[in-house]
Structures are given as C-alpha cells and as structure tokens.
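Here's a walk through the model you have open. Take a look at it first, and then we'll go through some of its details.

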Amino acid sequence: MTSEGWIGKPVTRVEDARLLTGRGTYIDDLPMPHAHHAAIVRSPYAHARILGYDVRAALAMPGVVGVVTGADVAAKTKPFAVGVTSPVHYYCTATDKARFVGEPVAVVVARDRYTAEDAAELVQVDYEPLPAVVDPERALDADAPVLHEKVGTNLANHRRLVYGDPDRAFAEAEVVIRERFRFPKIGSTPIETYGIVARWDPIDEVLTIWANFMGPFIMHPLTARVLGLPENRMRLIVPQDIGGSFGIKTSMFPYIALIGLTAMTTGVTVKWIEDRREHLLASSSGTDRVAYRELAAKKDGTILGMRFRWYDNVGGYIRSPEPGCSYRPLGNYVGPYRFQHLEVEASTVMTNKSLTGPNRGYACGHLYFESERMVDLLAEKLGMDPVAVRKKNLIATDAFPYRTPTGGLYDSGDYAGAFDRALEMARYDELRREQAKARAAGRYVGIGIALAVDPSVSNMGYVATALDPQFRAKPEYLAKSGAMEAATVKVDPLGRVTAILGTTPQGQGHQTIVSQIVAHELGLTPRDVTVVDEMDTFTRIWSISSGTYSSRFGSVGTSATALAARKLRTKLVEYGAHLMSLPVDEVEWREGAVRAKSGKGASYTIKDLAGRGHWNTESLPEGIEAGLQATAVFHFDVAKAVDEHDRVNSSNTYGFIAEVMAVEVDPRTGAVKILRYVTVHDAGTIINPLIVEGQIYGGALHGLGGALYEDMQYDADGQCLTATFMDYLVPTACEAPTIDIAHVSSPSPLTTLGSKGLGESGTMTVPAVVANAVSDALAPIGVRINELPINPSALWARIHQAGGPDMAPRTPHSLGASRETRDAPRSAG
Amino acid sequence: MSEPVTVRLTVNGVAHEGRCEPRKLLVDFIREDLGLTGTHVGCEHGICGACTVLINGEAARSCLMLAVQANGAEIATVEGLATGGTLHPLQEAFREHHGLQCGFCTPGMLMTALDLLRVNPQPTEAEIREGISAVLCRCTGYHGIVKAVEAAAKVLVPAKRV
C-alpha cells in the first residue's frame, strides 16, 4: 500500500516490540547514576494538629543527606492555587495540620531507598489527634469537625445552576421520581505508580523534573509558582513510556513540587518512586458522591426536567482540577435526552479522606449511573419498557449539531441508530422472552440498558463554572477556554519522515496512530515514519491544555498530526511544481510523489525532494521557507469560556455509547454473573480498530470494577481500610467479561479526520448498565440498586432485607421518596 | 544494616555475581544491580504480579523474595525471551492480538503465561483466565491477553513436537 488507506486499519503497534522485550523506558528505568532516594513520612492520623518535628535521629543515620519537613514547606513554598474562592491552603505537605491518613508530613533523602525508608521511621512528628469526619453529608453538619479553620466550613464550593425553567417543569409534571444514590471512591490504580526525579542546577537556577506525569496541563504553571520559579526554569521531561494512568497521574503535581523542593534544599538529585501502599493511601481517586435526584415527566414518558443535588467528597483539600468532579460533564449533563429544564445544586465537600481528581470517566460514571437509573425508575413507574422511555426522549438524528440547554455542542451523532444497533445485537426481544422463562423458573435474570454521550477533549474553561457569575463578571477576572495540540512533521536529508508531538501516552498507542496518519497523508507506510511523542517543556510546543487526558488525543492530537502532514505535503507539492517548471495547479500529490496531472514528465518522491531541498537550497522556489518540515497547532473554535448563564461547551467532541447487558444474580451468594454484554460506540472516524477495541475492553473493566468490586473504604476515624491490593479489589481475568462490540460512525465536523475520543468509554456506562440489569433481575423482590459497588456482601444483605432468596416473587412496591434517605429531598415544584 | 553478602545466580543463561545487603529484594537486585529493568515493580506485596520471573523454571514473585534466597538459582526474565531480532511466539502473539497497552504488567504477564503453557500446554479459555489471574492488568480488560495466550498455545504445542 503506498497512498491512502491507512486510516481505519488494524495496524499492530510500533510500541509493542520494545515493551514486549523489556526495553521500555519508564520513569524508574531512566539511568540516574548519582540520584539519591526519597522516602516520605506520612500522617498516621486522619486529622491531627502538627506540634513539631524531631529529625535529629534521621539526620544522624549514615547515608542520610537531608530531611525536609512541613515547616520547610511552609517557609519555602506557596500553597497551590485552588479552583475555588474558599481560602483553602493546600501545600505539597501538611503544614499546620494533617487532614487525611497518608498525607505527606516530611521527606527523608538518603543514598538509597532502603536507607531512606529506615530513616523515615526515625522522624518524630508530634501530633495532637483531632476528631475526623469522612461522610460528605455529615461533614456539613453544624457540629462536624472543621478541617480548615480559615474556611470555617467543610464546604469548599457550592453552586446552584439553573437551565430553562425547572420549577415549571416539575409543577407541570404528571409523574415525579425521586431517589438517592451513592457512588464509591474509585481509583483506577495504574500498575506503575507515581515516579519523579528532580535535579536542581543552582548556577543556572533550572529545576529539571523527570516524571510520569500526563501534563504539563494547567499544573505546570501552578507548580512553578509554588516553587517560586519562572516556568522556563522548571523543565518537565516525561519518559517515553508511562505504565498506565487513567487520569490518576494528573494529580501527581504536588509531589513534583515536593521532590523539586527536596532537590533544591539538599542539592542532590532526588528520586522518588511511590509504593503501592502510598498510592492507595494518598495518590488520587474519583470522588465518592451522595446524589439526590428528581425527574419530572409526562405520563407518556416524556422527560420534562431534572434536578441534581450532589455532595462530592474531595477529601482533605480541594486539589486542582477539582471541583471538576461536579462540572466536567456540564455540557452533557442532559446526556442523550431532549429535556430543556434542569437544576443542579453542586456541593464540593472536604472530609478526612485522601484527595481526588480526574479518574477515567471523570464524573461521567457518576452522572450516568444516576441518570440512567432514574430513567429506568420512570419506566418502572409508568409500566413502560425502558427502551421505549429512552426512545421517547432521544435527541433526533437530524438535530445535530445540537446545542444542549447547558451549553454543550454535540457535534454529530445518530443516537437512535446506535441504540437500535445495540438492541439488535443483544436480540433484545428474545432476551426479554428468555428472562420471562428464567423468572418463571425462579431465576433472577435481569436486562439493563445504558446510554451515554461520551465527551472528549475537555475545554479547560469549564472549571470556571465553580465561580459564580458575579465573580466572573469582575473586570480583574480572566476568562478561561481552550483545547489545543501541536505536531511537527519533518523530512530528513535522506528522505525519511519523523513526526514530533508533546503528548504523554500511557498505553494508548500514539506512536502507532501518528505513524498511520502521516503515512496516510503522505502516501507512505507507517514503518517509514518515526514518531517521537515525549513531552519536554523546553523543546515541545505546548500550552495550558497540553497533555493526555479527557480522551483528547483521538480528536485533537490526531487533528494536529493530519494538519501538519497536509501542510508539509502542500510545501512539497509547491517545491515539486517548481522543479518541474509547472504551475502548482497542474501538479498533484499522488502515490507518495509530486506528479504532473497530465501524467507526463518527471515525478518527485519525498526522497527526491529531500535530496534536493536539504542539500541545495538554491533549488527551492523563491519565497518558500527553507527546511522540509511543517508544524501545525490545532485548536477548537467551539471551546469558549463559560457564559453569564453558566452555560459552557465543556468538551469539544461528543461520541455516543449504547449498551445492553443481561445478568443473573445468585440470591444465595449475591454474586452477579454477566450473561451478555453489548456495547455500540459512535466515535466518528476510527483510525485503528485494534486500539479502539483495546480501549473499549479496558474502559469496560474499569467500569465493572466500580460497579461490582472497587471501593476505597475508610472507618469512622478516617483510617483507610483498603491500602493493599488484597483489600482494594481490582478485577482479574476471571472477572472480565467478553463483550460484543460494534460501531456506528458519525464523523465529527470539527476534527481534521472526523475522529472523536473514546478512551473513557465503559467507565461512563458500565456502572449504570450493571445497576439497571441487577435492579431488573431483583425487581420481583423489590430490590433496586442505588449504591455502588454491588459487591456480593452488599447485594446479599439487600436480598435478605427484602426477605431472602426463598421468598415468592411479588409485585415491586412503589418507590418511596424518602426510602433510605437521611435528608429528604426538596418537594417537587 | 548488615554487611553485604555475595549473590551468585544465572539470569537468562548468563552467570552473575553481585554483593548486596541480605535484605535486598530479588527484584531490586535484578533491576538495580544487574541493570535488567524489564522486570517491573507494581505493588511489593505479591498481588499485582508485574515482577513475576521464572526461578528454576517456575513463575515466582521477585518482590517477595530476597536476592540471597535466589543464590544459585537459574532465573529467566522478559529480556531472555526473544532470540536475536526474533520475538518469542508468545511475544509475537501479544503483539498480534493487542495483548498490551501500557506494557507495565506485560513482563510479568508473559512470564506467568509461559509458566501456564509449560504446565498446561493446551489450556481452555477458562484455564487461561485462571492462570493469568495472578497478574493484574488495568489497561486491556484482559481480552487481548487471553486471545494472545490462546494463539501462542496453538503455535507452541506443534513446535514442541518437532
């Protein structure tokens, strides 16, 4: 294959050979011969005042070169800027108080890791333990312990957002559904933990950081400010290989500041590799959330409006980009449905748990778990099939591009088409018949459905929704928006092509995808293209949104690559035309060469042009820039700042997911078995179906982990109960389902190739589809799932509360508004 | 801290001798003293399986063992699988079936799968899942890995008969 044809091909990955032979370059593999090692002293208390430190014994240990404590941090660094106006002082260690178990309080640097860990045990920290609070609702009680005295409350942020006229929608409703939900604290726990190496050059005053960080993103400027460094004196280098992230490594920037400070203080190169216990205690997770939901509808199933009331638990401090937990899905709050009236009351609460941040599916797993359960509850209340209720409310295929009431701009889609495809693949009607038979035989089989709009490429402007419109209207307020990425494609003097990006892939195969796109655009094969996709803030083109997060590469990185390749192609065509003494419009790029459209005369391949263009610049046409390379910076025009009505297009491309799952519940054990699982995705143009399938499988298993197993648990004193992989249950191959996958394609009009992201995929839908399927399975005994994870013990308890497995099936009872609620939701209208 | 001891072992057919503290983990010895960074550390408590190597032919966690305990042992790590420029059939199958994404669990997964195929050359899908459940992967949903091990079994069994 010479030209065209590389988009959509299941090309095997160029990354694989090195990773399969043990030649990957992860952070811990970088040769750092003179590095010393850090061990972090962490708080054993969830909430305690720090009265003092005694580091003498640690410093006296042979091999120890220095200790940095919270007192040094308070003296030498600034607190991190937070995305809210509350005066939360968040430093890279505890300073005045420790606010969660595992919070760093000091760092010991020694000649090797073993010595550093020994010395860390000798650091004496004098604590005055304080009462702890871990529940986000309890934390708002007047008598709850307050974490930050200067804030005076545990409420870090609160916004009430109103779109349309929700009061009227509820007043006019013929049916109102109310429910309370709980979503667990889940961490995607990449198998490679955080790692940082910091080197301080005191003469040039440059701090070089090597880290498996997925930015720079907004965190690079935040971190430089904390350390008092200009950004062009803090060099971030991300190694070629990162061992997974799933959003979690967005949140390592406080450690970059801490290890950076440690290097600046001790004068030695400092290396820190997080261990698993540290990771589970103190890296990052999504929020645990309590949600109160209300839905207003007509008797025919038309949804008129919704109310969301959220309590998101961000742990001991609100760390950027939180409170994204509440606002990341703002543009797609309504999901795939047409309703226009919505009220959102979002409370971001601080408690004595570890801190939160982006975790695969960032806030969308929560959103769709609640919304899709509500739709099923509506169907149940009206005696309608859950498929019929959804179809009644879907955004029509001819309505795209579709502006949501919250400001989202759904670029393309065919939701009904994708949904029908999923139902067809699942043989939905037949499944229902099989279910009826199974029920008659006393088995608990259920069918779940979940639909989701899959947002990709966050518009970083959404975070400003946390600030109220009056604040944003002040003249000194600087608006925020944007999503960009850069790529360079160059031809070397012997005619081979190199593409350079500053993305930070964590297993998504960017090198493969970029090589496909460049080969496609230039009429080469992927093997002809070398791809360098490592971030180095001193050499790459980057901006505030740069990094690999929010499923953005599939849209924005691919667009920049294609644009750069096309720009280079245009230049090569112009050069070729000049060599052929023909006007540009009489030549074309065909099969990897510039050729006369007439078919006559000489042709010039990339190699021919490189040989002349590099070695003899005199041969270039007048006015053309020397050098055979092109750089393109792609950005989305639709990424605007949040408006005065709190509307914002929070992402830039929006895919779609339709899922059907059949499960069987064993009422004696509470175990859930997946019988069938169908997922249909619309991510626009697919560049590599092999990689896409991998993303879908991986995302689905993360979703399943959250639905059935994973939960970072704390006791009432704030002690973390899940600090090992023996307690924090990650699915193994035995729990992983087989998935029937299909695609429909509505190419995005906004991206160069029509592609959209889909990296988060099933993390958004699986919690919802599992909860719906299990609720349907247990409908005969009236058990409805409103809390995750549905682990066997939790489900067994629910089944037994409902009378146990031996009770005769009965008609589901009607939903009580205050069932299992401690705080009655506001009444309708 | 105790005095260093001498550790002699064979890795991928090459004899090595090193001196380290008695408390040094085997995985740290392999990575730091021998410079073989293909073996990864994911949890240091024996659950994730990323550090799995073959010790005298059997899969074992190199994070749960001291280097001194491996004195005299023959160890195989991921670096020893490919010969020259040719991937081992198991590695080739992982590439063909997209059995890896970030690649961090992959060395442990390969060594575990190799041990599985040695003990059970023609495993069923359920047996493969059970066999590789000793290694946690957060990227792939295990689908590509299961397919790869199935495919490798088909290639490796006839090869052994030759």
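Helices here are DSSP runs of H or I with at least four residues, strands are runs of E with at least two, and both are numbered from the N terminus. This is a predicted model, where local features need pLDDT of at least 70, side-chain atom pairs count only at pLDDT 80 or more, and totals for chains, interfaces and linings use all residues. Residues are numbered from 1 along each chain as its sequence is written, chains are lettered from A and ligands numbered from 1 in the order in which they are written, and side-chain values use heavy atoms, leaving out hydrogens and water.

How far apart are the end C-alpha atoms of helix 12 of chain A? They sit 17 Å apart, which agrees with the 16 Å that its 12 residues (415-426) should span at 1.5 Å a residue; the expected span is 1.5 Å times one less than the number of residues. As for its side chains, Y415(A), A418(A), F419(A), A422(A), L423(A) and A426(A) are buried. These residues cover an arc of only 135° around the axis, so they are on the same side of helix 12 of chain A. That arc is taken from the directions from the helix axis to the C-beta atoms. Buried means under 20% relative accessible area, exposed means over 50%, and partly exposed is in between (1.4 Å probe, protein chains only).

R427(A) lies in the loop between helix 12 and helix 13 (428-440) of chain A, and counts as partly exposed because its relative accessibility is 40%. Over in chain B, H98(B) also has a phi near 50°, a positive value in a residue other than glycine. H98(B) is in the loop between helix 2 (89-96) and helix 3 (106-119) of chain B. At 6% relative accessibility, H98(B) counts as buried.

Chain A also has cis peptide bonds to look at. One runs from E322(A) to P323(A), with omega near 10°, and P323(A) is in the loop between strand 14 (303-315) and helix 9 (324-327) of chain A. Another runs from L788(A) to P789(A), with omega near -5°; P789(A) is in the loop between helix 19 (762-777) and helix 20 (792-801) of chain A.

## Cysteines

How many disulfides does the structure hold? Over all chains, the count is 0, taking a disulfide as a pair of cysteine sulfur atoms within 2.5 Å. For C51(B), the closest cysteine sulfur is in C63(B), 3.7 Å away, which is too far for a bond. C51(B) is buried, with a relative accessible area of 3%. The sulfur of C20(B) also has C63(B) as its closest partner, but at 16 Å that is too far for a bond. C20(B) counts as buried at 5% relative accessibility.

## Where the chains meet

In the interface, 45 residues of chain B are in contact (heavy atoms within 4.5 Å) with 52 residues of chain A. About 4,100 Å² is buried between chain B and chain A, with carbon and sulfur atoms giving 59% of that. Buried area is the accessible area (1.4 Å probe) that two parts lose on being put together, summed over both. On the chain B side, R95(B), H98(B) and R138(B) lose the most area to chain A, together 20% of what that side buries.

The rule finds 5 salt bridges across the interface of chain B and chain A, each a side-chain nitrogen of Lys or Arg within 4 Å of a carboxyl oxygen of Asp or Glu. D29(A) forms a salt bridge with R31(B), and their closest N and O atoms are 2.7 Å apart.
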